[in-house]
Amino acid sequence: MAAASAGNHLSSSSSSSAANKPFNFSPDSPPQLHLSPDQLRHCTDALRAFKDKLQTPQEIRKEFRSLQSNRTRVLDMKSSCSVALDSVNYSKNRYTDILPYSFAHLVGHNHIELIASVDRNRVVLNPCNDYRASARGYINASFIETSSSGSISRFIATQGPLPHTFEDFWEMISQYRCPVIVVLTRLVDNHNVLNCMEFKTVKCGDYFQTEDVHREFGNICIATKWLSSTDTNLVVLHMEVNYKEVS
């Protein structure tokens, strides 16, 4: 996640994979993404850090192996991911073993026991379209720190949105003023079994659009202003995100 951007609307760039055939629906170049000085500094520092890390692939592999060996056990998830596993939030998770950390515990005060939620790194929506108090502004998303010094901006890692969490996703983008979205998964994966049977697995809902039209998700509307693809199957979109005007 990058730092805040100025203005009444948030323009966001998004990249994803696509079919081989290049296409454009706008001959113009995308408008330049306007970043505040803080955003520009954070993004520059983050890019420099990633470029440096690419010079040591063995360290990347070491970090990945460390993450795999320290995966949270299923039995531990009940206590460390209690907000995600709450009955009001359970359906908002695409997978049952990929959850943000948070837990609830009892706090005694004047002989009255209250449940307090302790959020380690999960993203909290405020407001959230789920107004039930027990939902606690839940979205399946976590902050990722890349520097202990705080000199590099945080990122947000989130699941491929489900149809009933599209509004939550765009609310998160707007609230935390994320200027760039990087899509790391296909909408659908094709699987081939024994070279004779093919089946599809939905990995992500279509929470954006590649047509020159507006889409509305609750109180938020988005519009794709520019789109282009490359020979490497990278698709770049420039989108505008606004809250709907109240008449």
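Mentor: A residue is called buried when its relative accessible area is under 20%, exposed when it is over 50%, and partly exposed in between, using a 1.4 Å probe and protein chains only. This is a predicted model, in which local features need pLDDT of at least 70 and side-chain atom pairs count only at pLDDT 80 or more, while totals for chains, interfaces and linings use all residues. Residues are numbered from 1 along each chain as its sequence is written, and side-chain values use heavy atoms, with hydrogens and water left out.

Start with V123. This residue sits in strand β4, residues 122-124. Helices (H or I, at least four residues) and strands (E, at least two) are DSSP runs, numbered from the N terminus. V123 counts as buried because its relative accessibility is 0%. A contact means heavy atoms within 4.5 Å. Leaving aside residues up to four places away in sequence, V123 touches G137, I139, A141, S142, F143, I156, M172 and Y176. One of these, I156, is 33 residues from V123 along the chain, and the two C-alpha atoms are separated by 7.9 Å.

A pair of aromatic rings is described by the distance of the centres and the angle of the planes. Rings of Phe, Tyr and Trp (its six-membered ring) pair if their centres lie within 6.5 Å; planes under 30 degrees apart count as stacked, over 60 as edge-to-face and the rest as tilted. The whole structure holds 7 aromatic pairs. In one of them, F143 and Y176 have ring centres 5.5 Å apart and planes at 75°, so this pair is edge-to-face. The pair links distant parts of the chain, 33 residues apart: F143 belongs to strand β5 (residues 138-144), and Y176 to the loop between α4 (166-175) and β7 (180-182). F143 is buried at 12% relative accessibility, whereas Y176 is partly exposed at 22%.

Another edge-to-face pair is made by Y207 and F208, with 5.0 Å from centre to centre and 85° between the planes. Y207 is buried, its relative accessible area being 4%, and F208 is buried as well, at 7%. Both rings belong to one aromatic cluster together with F169 and W170.

Charged pairs complete the picture. A salt bridge is a side-chain nitrogen of Lys or Arg within 4 Å of a carboxyl oxygen of Asp or Glu. The structure has 6 salt bridges. In one, R48 meets D45 at 3.0 Å, N to O. Both residues lie in helix α1 (residues 37-54), 3 residues apart, or about one turn of the helix. R48 is partly exposed at 47% relative accessibility.

K53 forms a salt bridge with E63, their closest N and O atoms being 2.8 Å apart. K53 is in helix α1 and E63 in helix α2 (residues 57-69), so this pair ties together parts 10 residues apart in sequence. K53 is partly exposed at 33%, as is E63 at 40%.

K244 and E216 also form a salt bridge, at 3.4 Å, N to O. Since K244 is in the segment after β12 (234-243) and E216 in strand β10 (residues 214-217), the pair ties together parts 28 residues apart in sequence. K244 is partly exposed at 31%, but E216 counts as exposed at 54%.
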